[in-house]
Amino acid sequence: MSLRNPDFAFAGSHSLQVAPRGPRAVAVWLLVCCALVFAMVVVGGVTRLTHSGLSIVEWQPLIGAVPPLNDAAWEAEFSKYKRTPEFKQRNFDMTVEGFKGIFWWEYAHRLLGRAIGVVFLLPFLYFLARRQLDKPLAWRLGGIFVLGGLQGALGWYMVASGLVDDPRVSQFRLTAHLTLAFLIYAAMFWVALGILVPERYGSPPGLRKLGSLLVVLVFAMVVTGGLVAGIRAGYAYNTFPLMNGHFVPPEIFMLQPWWKNFGYNMATVQFDHRIVAWALAILVPLAWLQAWRSPAVARHASWAATALVFAVSLQIALGIFTLLLRVPVELGAAHQGNAVIVLTCALWLRHALR
């Protein structure tokens, strides 16, 4: 039998096993969905940084897919925006042409969300109908689809918080919205990895625990980064490595009660984000050294550790320059998008250490 048969793939260094077309197609589909979520995160970052997120004041999952098509429709949409606190307090001199600039970013963000729903649901139903999903996998994928629906509702819940009195969305709702996007991405990517690399390899228990810790720290980076974005803490303490001359800023527990500092104090929120970055800067190279030194670790796990080193290094560099330059849109969006790459590499490493 020819080794060029596409239905066969190497399962290890000495064995050859069948790789069924159905599951492989499922994995490719999930990776396409991951790519769309990555684009969603980047566009969402641009939408936030350009202050475009409050430009569409209604949640219309179906009819909202059609943008304004003529001058009358644009004026009608603009008149709705004029009733918002953001227009009255900040953009009172905006014209309809200026409104179009912020509208299109929010529209693109919502359209991507709708596209992800369609791209996920239709193949999911197809694979179900063709019986290419076993019961546990079908339930996992169904759960991911439910999370996607909740993400859309949470997005509107976030936007609604900025349409009342203060033209700024809740930092907690923004963080929840961002974190759920990363959770959905992680779930799809993990399932895809399980299909593409079903084998389990030996690895030191300590390294496996470290791999799990790195995934937790990446999610902590996302949560603290969401809070930084939510209260715009990136516009303060624009120095590095110290925060205006201090490693621990004296204002870190300025608010009372003390717990409010972790969600409302720029010094505390940015300090927490920096601490997570420092932890990753120390632990990721440590994982890399252990992965390459241990003979029990699969080679693809070592390459995953190498990829994670590069991704975290780039993420820290982007974070530093974003801070020093006071959050330019391009760097801010790149910093948010590269966080997805960091999560991808961390998940790849942890999966390879099973």
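Here is a short chat about helix packing and a cavity in this predicted model.

Biologist: How do H5 and H6 run relative to each other, roughly parallel or roughly antiparallel?

Modeller: Helix H5 covers residues 135-160 and helix H6 covers residues 171-196, and they pack at an angle of about 160° with axes 9 Å apart. Angles over 145 degrees count as roughly antiparallel. So H5 and H6 are roughly antiparallel.

Biologist: And is the crossing of H5 and H6 left-handed or right-handed, and how many nonpolar residues does the contact have?

Modeller: The crossing of H5 and H6 is left-handed. On the H5 side the contact includes Leu137, Ile144 and Leu154, while H6 brings in Leu180, Ile184 and Val191, among others. Sorted by class, there are four polar residues, two charged ones and, to answer you, 17 nonpolar.

Biologist: What about H10 and H11, is their crossing left-handed or right-handed?

Modeller: Helix H10 (residues 299-324) and helix H11 (residues 329-352) have axes that come within 8 Å and cross at roughly 160°. That makes H10 roughly antiparallel to H11. By class, their contact has 21 nonpolar, seven polar and no charged residues. As for the crossing of H10 and H11, it's left-handed.

Biologist: Which charged residue lines the largest cavity?

Modeller: The structure holds one cavity of 30 Å³ or more, and about 30 Å³ of space lies in the largest cavity. Its lining is made up of Pro241, Met243, Phe247, Phe271, Arg274, Ile275 and Trp278. By class that is six nonpolar residues, no polar ones and one charged.

Terms used. Residues are numbered from 1 along each chain as its sequence is written. This is a predicted model: local features need pLDDT of at least 70, side-chain atom pairs count only at pLDDT 80 or more; totals for chains, interfaces and linings use all residues. Side-chain values use heavy atoms; hydrogens and water are left out. Axes are lines fitted to C-alpha atoms, for helices over the stretch in contact, and angles run from 0 to 180 degrees between N-to-C directions. Helices (H or I, at least four residues) and strands (E, at least two) are DSSP runs, numbered from the N terminus. Angles under 35 degrees count as roughly parallel, over 145 as roughly antiparallel, 65 to 115 as roughly perpendicular and the rest as oblique. A crossing is left-handed if the near helix is turned anticlockwise from the far one by less than a right angle, and right-handed if clockwise. Contact means heavy atoms within 4.5 Å. Ala, Val, Leu, Ile, Met, Phe, Trp, Tyr, Cys and Pro count as nonpolar, Asp, Glu, Lys and Arg as charged, and the others, Gly among them, as polar. On a 1 Å grid over the protein atoms alone, a cavity is a set of points where a 1.4 Å probe fits but cannot get out, and a pocket is an open set with protein on both sides within 12 Å along at least five of seven lines; lining residues have an atom within 4 Å of a point. Grid points are joined across faces, edges and corners, and a volume is the space filled by probe spheres set on the points.
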